[in-house]
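Trainee: I am new to this structure and would like a close look at one part of it. Please set that part against the whole.

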Amino acid sequence: MSAHDFHQQVITDAGAAVRGLTVALGERLGLYKALAAHGPTTAARLAARTGTSERYIEEWLHAQLSAGYVERHPSAGTYTLPADHVAVLADPDAVTFAAGFFTALKALYATEDLLVDAYRSGDGVGWAEHDAALDTGMGSFFQPTYEHKLVPDWLPALHGVTGKLAAGGTVADVGCGVGHTTLLIAKAFPEATVHGFDYSEEAVSIARQLAEEAGLSDRVVFEVASADDYPGSGYDLVTFFNALHDMGDPVAAAQHVHKSLDGDGTWMLVESNVSPADIDTRTPAARMFMALSAVMCLPVAVAQRGPHALGNHSGESAFRAIAEEAGFTRWRRATETPVNAVYEVRP
């Protein structure tokens with residue numbers, strides 16, 4: 001690649017980095033949803049419908065137009081969100097919804113000074129050092145996949161698990177964040193007892209609020225606890241959703257899972273569907289995961305001062321070795337998506 005071409009690539013990446021903030025604004029202000037709901041519209045009408053300033057909305061629409069996110073109809077002076085873009089930017093129920101991720105940028109960019117210090121000292125940047133937007137933004141990013149895949153596809157891919165839960169089994173959702181997965185399981189299996197554990201007090205507080213709003217607080221318990229000391233035993237199912245790679249001592253966490261499970265229980269380990277080999281593939285998912293690992297996943301793991309700091313692309317062989325060291329004897333890749341791999345791990 002010539003210097004000119006590489007320069008253009010970097011400028012493209014710089015534009016994407018800044019554009020992410022405009023996407024966060026569009027999500028938080030309801031601009032994409034208003035465009036999707038009302039069809040071709042002017043900046044003035046979009047501003048009136050969303051309670052925003054027309055001059056700012058005009059500038060925001062120009063940014064969206066230059067990115068190819070919206071279309072303009074010059075003769076009418078109107079803008080449209082194309083139908084194929086609605087499921088990505090305006091419909092939180094769609095499996096392809098991605099706009100929510102960008103609301104986490106506020107938290108990630110705000111840690112730049114901390115990361116500079118961490119890179120120099122070798123220390124970490126803990127999850128609690130981030131703004132709460134990281135909990136909600138990352139939760140929003142993964143939630144559409146969980147909504148569409150967890151209950152209909154992932155849980156049935158595990159041997160005998162859905163039958164146990166339907167009959168009143170017990171679940172520990174470890175590293176539950178704001179509780180999206182915990183609540184999905186509770187809704188799908190009303191006889192099951194479901195616990196959500198996370199070491200972030202901020203995330204647990206949000207999870208409890210969401211449980212209250214969903215009318216599930218009477219049978220879903222959220223507690224502040226780490227992966228290697230959460231309470232309870234005899235669980236039929238323990239779940240980790242994109243969490244093990246963030247832990248400073250994943251072996252200790254896996255050992256605690258082994259101890260907390262019923263003898264015939266199942267550990268469902270959901271992780272990024274990338275590996276060290278993907279560093280050179282440059283697929284969109286791989287590029288995103290590599291960048292996130294450098295500024296979020298690895299610093300969070302290092303901050304826990306454990307013996308391991310995996311990063312999010314350690315791959316199946318690393319996770320399997322951890323499980324075997326913890327005493328598990330059965331390992332199976334149960335199912336996968338382009339973003340996630342779902343492993344069934346049993347004693």
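What percentage of the 347 residues in the chain do buried residues make up?

Mentor: Buried residues make up 47% of the 347 residues. Buried here means a relative accessible area under 20%, exposed means over 50%, and partly exposed covers the range in between, with a 1.4 Å probe and protein chains only. The model is predicted, so local features need pLDDT of at least 70 and side-chain atom pairs count only at pLDDT 80 or more, while totals for chains, interfaces and linings use all residues. Residues are numbered from 1 along each chain as its sequence is written, and side-chain values use heavy atoms, leaving out hydrogens and water.

The C-alpha trace spans about 70 × 50 × 30 Å along its principal axes.

Now the part you asked for. His 313 lies in the loop between helix 13 (284-303) and helix 14 (316-325). His 313 is buried because its relative accessible area is 19%, where the cut-off is under 20%. Apart from neighbours within four places in sequence, His 313 is in contact with Val 274, Ser 275, Pro 276, Ile 279, Met 290 and Ser 293. Contact means heavy atoms within 4.5 Å.

Arg 305 has its place in the loop between helix 13 and helix 14 as well. Arg 305 is exposed, because its relative accessible area is 68%. Arg 305 also has a positive phi of about 55°, although it is not a glycine. Most residues other than glycine have a negative phi.

Asn 242 is another non-glycine residue with a positive phi, of about 50°. Its place is in the loop between strand 6 (235-241) and helix 12 (250-260). Asn 242 is buried, with a relative accessible area of 9%.

The interior can be described through its nonpolar cores. A nonpolar core is a set of buried Ala, Val, Leu, Ile, Met, Phe, Trp, Tyr and Cys residues joined through side-chain atoms within 4.5 Å. The largest has 44 residues, of which Met 138, Leu 155 and Met 268 touch the most other members. Helix 8 (residues 133-154) gives the most to this core, with eight residues. Leaving out neighbours within four places in sequence, the contacts of Met 138 include Phe 101, Trp 127, Leu 292 and Met 296. A second, separate core of 28 residues includes Ala 225, Val 251, Trp 267 and Ala 323.

Val 151 is also found in helix 8. Val 151 counts as partly exposed, because its relative accessibility is 28%. Not counting residues up to four places away in sequence, Val 151 touches Pro 156, Leu 184 and Ala 188.

Contacts across the sequence can be counted for the whole chain too. Among contacts with a separation of 6 or more, 67% are between residues 24 or more positions apart.

Methods
Helix = DSSP H or I, 4+ residues; strand = E, 2+ residues; numbered from the N terminus.
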